[in-house]
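Student: I would like to learn how to read strands, helices and chain contacts in a model. Could we go through some cases?

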Amino acid sequence: MTGANGFSVSGYGPERAGWTRILSRDSLARRLDWPILLAATALSLLGSLLVYSATRNRTELNQGDPYFFLLRHLMNLGIGIALMIGTIWLGHRALRNAVPILYGLSVLLALVVLTPLGATINGQRNWLVIGGFSLQPAEFLKVTIILGMAMLLATRVDAGDKPFPDHRTVFQSLCLAAVPILILLLMPDLGSVLAMVAIILGVLLASGASNRWVFGLLITGVIGCVAIWQLHILDEYQINRFAAFANPDLDPAGVGYNTNQARIAIGSGGLTGAGLFHGSQTTGQFVPEQQTDFVFTVAGEELGFVGAGLIILLLGVVLWRACRIARDSTELYGTTVAAGIVAWFAFQAFENIGMTLGIMPVTGLPLPFVSYGGSSMFAVWVAIGLLQSIKVQRPMSA
Amino acid sequence: MTNIPETGRTPRVQIRLVVIQILVLSLLGTLGGRLWYLQIREGAEYQKEASGNHVQQVVDPAVRGDILDARGVPLADNETRLVVSASRTDLLKQSDGGKAVLAKLAGVLGMKPADVMQKVRLCDAKTPQPCWNGSPYQPIPITDEATAKQALQIRERSEDFPGVTAEPEAVRRYPGPGKSNSAQVLGYLSPVTDSEIQKAKDTDSPYLRSDMVGRSGLERQYDKVLRGKAGVTRYEVDNLGRVIGKAKSDAAESGSNLVTSIDSRVQRVAEYELDKAMKIARQQYDKITGENYKADSGAVVVMEAKTGRIVAMASAPTYDPNVWVGGISAKDYKALTGKDSDYPLLNRAIQGQAAPGSTFKVVSTAAAVQAGYPWDGGYPCTSSYSVGGQVFKNFEGESFGAISLGRALEVSCDTVFYGLADKEWKRDGGINPKKGEPKDWFFKTAHQFGLGKETGVDLPNEVTGRVPDREWKQAYWKANKNAWCKSGKKDGTYVEKIAYENCLEGNKMREGDEINYSIGQGDTLVTPIQEAVIYGAVANGGTKYQPTIGKAIISADGRTVTPIKPKKTGKLPVSQATLKGMNDAFAGVITRGTAAWKFGGWPQDKIALHGKTGTAEVYGKQTTSWLATYSKDYTVIMTIAQAGTGSGASGEAVRNIYSALYGVQGDGSVDKKKALLPEPQKGLPKVRTDGTIVNPKVTGDPAKDVEASQKDNTTNGDDQQDPATTPPPTTGNRDTRRKPRKRGSRRMPA
């Protein structure tokens, strides 16, 4: 690896000079997955507009500066892109070696959240506030769990020892995932737990692990849910809160209110929306958490079906390309990581948009790229970096 | 390159990746579909909801227009009062549902806690008045008579009175100028109900939650113009109700003022005289029933004969319209509407109907002329008229020989009309008329005179009265024959016999029916306002007018004046010659006929009066008295139920009303200065540039002034024992009063 420009990878094609080198057929720039990069950038920039629209009037949040959230969002995006570049530069294989450290670090951070150092926001103790910056370790856990599980599951397969991961490896990888899930349950951060489960399923599926594991996991999940419901482990109000997405009357002052207002905001958008910064629901701040979890409602109201549909379409581009990358990777490690990212993004996008549309329960999950929030932004851009790395390093196995 | 297996591409992994890909795409497809459903298919619905979400209305209520009399004196206006209201929503937030707050409030206001609770409960099928029938989200007025001190107490200790406000508000007031009342004419207001709001939502005059709505009388008839349009400013607000922009603003438009043709002074005289006449009647002994007259209800209509404009309209028993202001109390409401009440809310001038008695002969006379009987033909006025074993007696068995129709009208000879009606009945084919229409002149004429349908006076819920013609008999028989045939017995009691007869042939026009009908007895029903139209038409040369009380609508700024023009509804079916004959006959009634004993000393040469008395029988009750009169310009109709004869019960009262109008003094002289309205009010009150209406002050009591001026009148006054210049007939008067009919009334007891 020559660090000359940070983009070229040594041992691949003849070295050329200047911009011709960048444009050359084998250059890193040419090999990057541009659709995914452009779609992710577009989503983030669109997100900055929506975040600005949702927060410019919220004086109690933006400390009197209407651009506060806009600038922070753009700054987060900048850091995120830098993280992506760093990730590409390091390469997912190099990161593989660092997985134990990353895993240990992120689990440690998550544990700190449970100590008095953690902060409770919106009833969930899943924040870590350090020197004016607040972090959500859950977001980093998603990345490290993907990397960690992929490493465990793929090492022996990639080494050519076995065609598929054996039961022991699968068990080990599940144990690896169980630790952060337990921590998340203690917070409790139900949304992240669900995202984790989706990630585990995605990783296991892509790793080629025995069907028994996949179905076993699914059946365990279903039985668990039924048990919780039937054994009245949760109070009725908790179940009502969960079910309020379908029937807002179950929790009219809480989740039902969010659901209702979100639905009104999106529904009132119509085909082309009220116009950016002209949504009455948004301006009137009827939808809580509109810059983060409910950012999609801003798009729905102000940009209408066209704008909101564009967001879904761009997410589709990201996911579609990520799937291609997973399928095109020549080593299981890359495939598994990419598939984990696909599962993560897909679940989180579906859950987030689905809850604003009233077809999924309300949980605190951000919409990748679009929602305001540093941790999420950093994590998803690291994930983009991983995807790019998998793509550009594909022929490495040759 | 080939020795290293491409582990990521094992078929199992590849297949699973495709599965993941399909799953991901279908999830995104689901989102897209749902988005389309919400935004495109249901979009309009959510848009509506969103606008309801963020728009708050601030209502600036319109000031309700005044109702003024013909000279501009306010009969209904507004005053500012301190209104204490309670918000149910806030009260219900209290742990005890606001009981403690209301009890405390009752203490401050000096009311009973129970009364306060009753005022804030919501009306439903099981909850009697008082209760709140407006919107539950609107502050409910507890009292509008709070003193400044009470209001201050409430406001200063607002933390003790959550949801209670004390604010000055414009409140409807019925000032009753010159002690007049006009309760039934003016009507009353009550809060708008939810269903009314829903109903009027998409009309050009939607209601607001805070609106008061006219429920009867002029307040209801002219509700739309009086109400005006409340100003509504729509603010866009955020989720905490903070204003973030002004969406739309409509300024309040005050309601227009309604100028009526009522003269509050004449109104007062009419009300006072009606009340007095009823009180006097109650002291009179009724020989037939053997007890004093009950005189339980009555009405007076004073109408301009040449326009149909109502100058005064009184109904008794009456009530104080101000009881409605600020919400009615349980006791008051019961007194007005309860079973034991005498239903003072009814405007008996348009909602009271009774058999017209001899005042109906104006119709019968016209019918006879239409049927071809000459005016001056000699019609036998015998003491009785027999038909098939039935004897229809003339009043007190008198006989006048062969007389003209005019004379028959003047002396109110029943047998002349019996004979004419009987002849017509036979001509029409008797009990079983041939196919082809019977001419039915007597019934046809009644319809042509406007009976059996509303006059169209500008007051709500006027009743039609009834012409008991063949169609009605058929319909009535159909509705009742089952009951009649069940209870009727050939040899049973009187009631059972009647039922038996009715069962057999109640659908047919029997000979006795038509004979009875010809003198206004039996099933005929008329309202005072119908009589006013008829006698007004006789007075003005034959034109029927739709009676009106509203005279003009003047916008709040005074710039737009919309006159309400008199409307002709047709001509009486009589020639001018017949009218002249009638006029002479009716003048004779005053000078030498049945009403003469009450109009002695009247300056007939200066102010010619005409009249017709009537006494109608009501099964099981005392007789209804009618006095229909007219001068050149005015028609005055008075009726009192269960009060004996027309002239006896109402003679003085009607005379005093004319005296008040024309300024006739007790000695028969005419003092134009004291005349309240020697000629009908022509113009409208003057309007100042700021839109207010010039009105003269009414001081004192016009009725007492009139009474004082009549002191010298020997035939008039409170004291009935004054010797009369024209002695009253031995029993009441020479009227149409007959001995109780042998066959009795065809009407069944109610």
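Student: In which sense do strand β13 and strand β25 of chain B pair, and over how many bridges?

Tutor: Two strands pair if DSSP finds at least two bridges between them. Strands here are DSSP runs of E with at least two residues, helices are runs of H or I with at least four, and both are numbered from the N terminus. In this predicted model, β13 (residues 297-304) and β25 (residues 634-641) of chain B pair in the antiparallel sense over eight bridges. Within β25(B), Ile640(B) is the bridge partner of Gly298(B).

Student: How are the residues and chains labelled, and which parts of the model count?

Tutor: Residues are numbered from 1 along each chain as its sequence is written, while chains are lettered from A and ligands numbered from 1 in the order in which they are written. Because the model is predicted, local features need pLDDT of at least 70 and side-chain atom pairs count only at pLDDT 80 or more, but totals for chains, interfaces and linings use all residues.

Student: What is the strand order of the open sheet in chain B?

Tutor: The five strands run β14-β13-β25-β24-β23, with antiparallel pairing. β14 (310-316) and β23 (610-616) of chain B are at the edges with a single partner strand each, so one side of each has no neighbour in the sheet. From one strand to the next the twist averages 5 degrees, angles being taken from 0 to 180 degrees between N-to-C directions, with axes as lines fitted to C-alpha atoms, for helices over the stretch in contact.

Student: Which strands of the sheet does helix α11 of chain B touch?

Tutor: Residues are in contact if their C-beta atoms, placed from the backbone, lie within 7 Å. Helix α11 (residues 264-281) of chain B packs on the sheet and touches β13, β14 and β25 of chain B, its direction making about 30 degrees with that of β14(B). Helix α23 (residues 646-662) of chain B lies across β13, β23, β24 (624-630) and β25 of chain B, at about 30 degrees to β24(B).

Student: How do α12 and α14 of chain A pack?

Tutor: Two packed helices are described by the angle between their axes and the distance between the axes. For α12 (residues 255-267) and α14 (residues 295-328) of chain A, the angle is about 30 degrees and the axes are 7 Å apart. The contact is made by Ala262(A), Ala265(A) and Ile266(A) of α12(A) with Thr297(A), Gly300(A) and Glu301(A) of α14(A).

Student: How many residues of chain B are in contact with chain A?

Tutor: 40 residues of chain B are in contact with 50 residues of chain A. On the chain B side, α1(B) gives the largest share, 18 residues.

Terms used. Contact = placed C-beta atoms within 7 Å.
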